[in-house]
Amino acid sequence: MDTMISFLSENGMDLLVKTWEHLYISLAAAGLGVIVAVPLGIALTRIKRIAGFIMGILSIIQTIPSFAILVLFIPILGIGKVPAIVALFIYSLLPILRNTYIGISGVSNNLLEVGKGMGMTNWERIVQVELPLAVPVIMAGIRLSTVYLIGWATLASYIGAGGLGDYIFSGLNLYQTEFILAGAIPVTILALLTDLLLGKVEDWVTPTGMKKLKVNA
Amino acid sequence: MLKFDHVSKVYKGGKHAVSDLNMEFEKGEFIVFIGPSGCGKTTTMKMINRLIEPTEGSIYVDGEDIMKVDPVELRRKIGYVIQQIGLFPHMTIEQNISLVLKLLKWPEEKRRERAKELLTLVDMTPDYLERYPHELSGGQQQRIGVLRALAADQSLILMDEPFGALDPITRDSLQEEFKKLQRKLNKTIVFVTHDMDEALKLADRIVIMRDGKIVQFDTPDEILRNPADEFVEEFIGQERLVQARPNIQTVEQIMNLAPVTVMGDQTLSAAIKLMKERRVDTLLVINEDQVLQGYIDVEMIDQKRTKVNLVSEVMERKMLKMETGTLVKDTIRKFLNRAIKYVPVVDENERLVGIVTRANLVDVVYDSIWGDEEITS
């Protein structure tokens, strides 16, 4: 306990900065992931023939060890936060893309036909029918992806991106338990808090009618 | 109002979904498309709002060729109701009803006004506006489905088996309610169903389809009176005679109990005399125990009257007969398929108990079509 207190008094400010860096890297990657993967997922539901192909490629990328991906970007983007964000962004794609695709594909054909028959344009159907109905599934993908990214962002420390990984790796190198814990515990807390927060967001963006439907079912 | 001009839909591979449709509907008419599944009725309907596009020919709505109109614009002017109701679960009843109005960019207050006004049409209170579809019963949901199609005051409404998924009682009341509504609002309705009862009840004119072609296009009365061909007859017959009257099930309930009979040992002149008296052309031949032996008709007597004397020598033993307990629907099929005029009914010991003639079947048809109405009116 004493060591913890003395650690905090020495490194308190630094800890906050590292936590912020960590959060920044993971959320930036996840944010980019959402911006790219959700529209792409919707697009793939319109061209089902190549959907399997694209998702296959992403699955293969997903199997490359995260560390390898981080390192692979060094020759192209150098070191620092940018390559870390890019590498993590690539990781976030698959879960979000897949859930968006599944969520949108799961919207009943009947409803789509009614929408079309009533004179909705393609865009109106996506915004007013498909997205609201697929929101729970899409959000599940985003939550999963973000929580993973917070974990993986520790590795980003290796390519000089900073974050809580710095503590963990220093701790490992120097055999200093308090450093390892000072890295690992905030990462866990961050992951849990983020999941909680995204859960609230999910609740907030899910249409009321859908929530009531779930309670009844 | 609505006109089909040599319309065909051919799918890739040359399958004709519908071929060369020509018809014209008046404003305010309730048109029902009916036919067995795969006959092209739904395809035909969906071509009107371009959910399916015709490969040949043209369709005119209010004199305008629909292929020259923007499909989105076109659909907003045509109401659309489907079987599975298709209310959007994430929208309130108000949002569902006023969806087309929103697409047409009506201001919110006017939309709300309109939604309220529409609810009164089906005797629902405004507090339903805030509810969600799953909180309503199936019948209420479909009422909302219909209202949604009326929201923008569309003059033409397409309905694809809208009452098919409802229980019979709800369906019945909804049909009546809707028919009244249609008369009141003077909408042109194109309605697809496979239920002849529904068609006869609702339609001003019925389009009977088969294999992508129109078999008959006429008023319900005219179709019942003069079915165009055997297919139509069977289509009306099976649905109307069997399903409409579930209380009449076996032949005993409809048969004539006193067929005209003759004994095998009577003379031909006696037989002819009997025919003349009872004004029939055929006699059933029985023995002392009422057991059916065969039949004679006037032609058989005419041919052989100089050579033989007794009924038993002339009569034909081979004949179609039915046992008591035979289902009426099977009987009807026999009559229609083999073009017979009558069938004697026997019990398990081959004793004659009655006869079913075409006249009996006419009674059944009559009852099932007009019998109910006499009771209700």
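The model is predicted, so please read every value below as computed from it. Chain B is assigned two domains, domain 1 (2-227) and domain 2 (251-365).

**Where chain A and chain B meet**

- Chain B brings 24 residues to the contact, and chain A brings 23 residues.
- On the chain B side, B:Phe88, B:His90 and B:His134 together account for 27% of the area that chain B buries against chain A, more than any other three residues.
- Two salt bridges cross the interface by the rule used here. In a salt bridge between A:Glu113 and B:Lys46, the closest N and O atoms are 3.1 Å apart.
- Five residue pairs are in polar contact between chain B and chain A, counting pairs with both residues at pLDDT 80 or more.
- Three elements of chain B, α2 (71-76), β6 (78-81) and α4 (99-103), each give at least two residues to the side that touches chain A. The largest share, four residues, comes from α4(B).
- By residue type, the side of chain B that touches chain A splits into 13 nonpolar, five polar and six charged residues.

**Helix α6 of chain A**

- Helix α6 of chain A covers residues 109-117, and its buried residues are A:Leu111, A:Leu112, A:Val114, A:Gly115 and A:Gly117.
- The cover over those buried residues draws on both chains: it includes α7 (122-152) of chain A, along with α2, β6 and α6 (138-150) of chain B.
- Just after α6(A) comes A:Gly119, which has a positive phi of about 100°.

**Salt bridges within chain B**

- B:Glu29 and B:Arg205 pair through their side chains at 2.5 Å, N to O. B:Glu29 sits in the loop between β2 (16-25) and β3 (30-34) of chain B and B:Arg205 in strand β9 (residues 205-210), so this pair ties together parts 176 residues apart in sequence. Both B:Glu29 and B:Arg205 are buried.
- B:Lys179 and B:Asp204 form a salt bridge at 3.5 Å, N to O. It links distant parts of the chain, 25 residues apart: B:Lys179 belongs to helix α7 (residues 168-185) of chain B, and B:Asp204 to the loop between α8 (196-202) and β9. B:Lys179 is buried at a relative accessible area of 8%, whereas B:Asp204 is partly exposed at 29%.
- B:Glu350 and B:Lys321 also form a salt bridge, with the closest N and O atoms 3.0 Å apart. Because B:Glu350 lies in the loop between β15 (342-346) and β16 (352-357) of chain B and B:Lys321 in the loop between α13 (311-314) and β14 (322-323), the pair ties together parts 29 residues apart in sequence. B:Glu350 is partly exposed, with a relative accessible area of 31%, and B:Lys321 counts as partly exposed at 33%.

**Charged residues of chain A**

- A:Arg143, A:Asp195 and A:Glu202 are joined into one network by salt bridges that share partners.
- A:Lys18, in helix α1 (residues 2-46) of chain A, counts as buried because its relative accessibility of 15% falls under the 20% cut-off.
- Leaving aside residues up to four places away in sequence, A:Lys18 touches A:Gly163, A:Leu164, A:Asp166 and A:Tyr167.

**Domains and backbone details of chain B**

- The C-alpha centres of domain 1 and domain 2 of chain B lie 51 Å apart.
- Most residues other than glycine have a negative phi. B:Asp62 has a positive phi, near 50°, and lies in the loop between β4 (56-61) and β5 (64-65) of chain B. B:Asp62 is exposed, with a relative accessible area of 54%.
- B:Gln290 also has a positive phi, near 70°. B:Gln290 is found in the loop between β12 (282-286) and β13 (292-297) of chain B and is partly exposed at 38% relative accessibility.

Methods:
Residues are numbered from 1 along each chain as its sequence is written. Chains are lettered from A and ligands numbered from 1 in the order in which they are written. Side-chain values use heavy atoms; hydrogens and water are left out. Contact means heavy atoms within 4.5 Å. Buried area is the accessible area (1.4 Å probe) that two parts lose on being put together, summed over both. A salt bridge is a side-chain nitrogen of Lys or Arg within 4 Å of a carboxyl oxygen of Asp or Glu. A polar contact is a pair of N or O atoms within 3.5 Å; within protein, one must be able to donate a hydrogen and the other to accept it, and residues adjacent in sequence count only if both atoms are side-chain atoms. Ala, Val, Leu, Ile, Met, Phe, Trp, Tyr, Cys and Pro count as nonpolar, Asp, Glu, Lys and Arg as charged, and the others, Gly among them, as polar. Buried means under 20% relative accessible area, exposed over 50%, partly exposed in between (1.4 Å probe, protein chains only). Domain bounds come from an automatic or database domain assignment.
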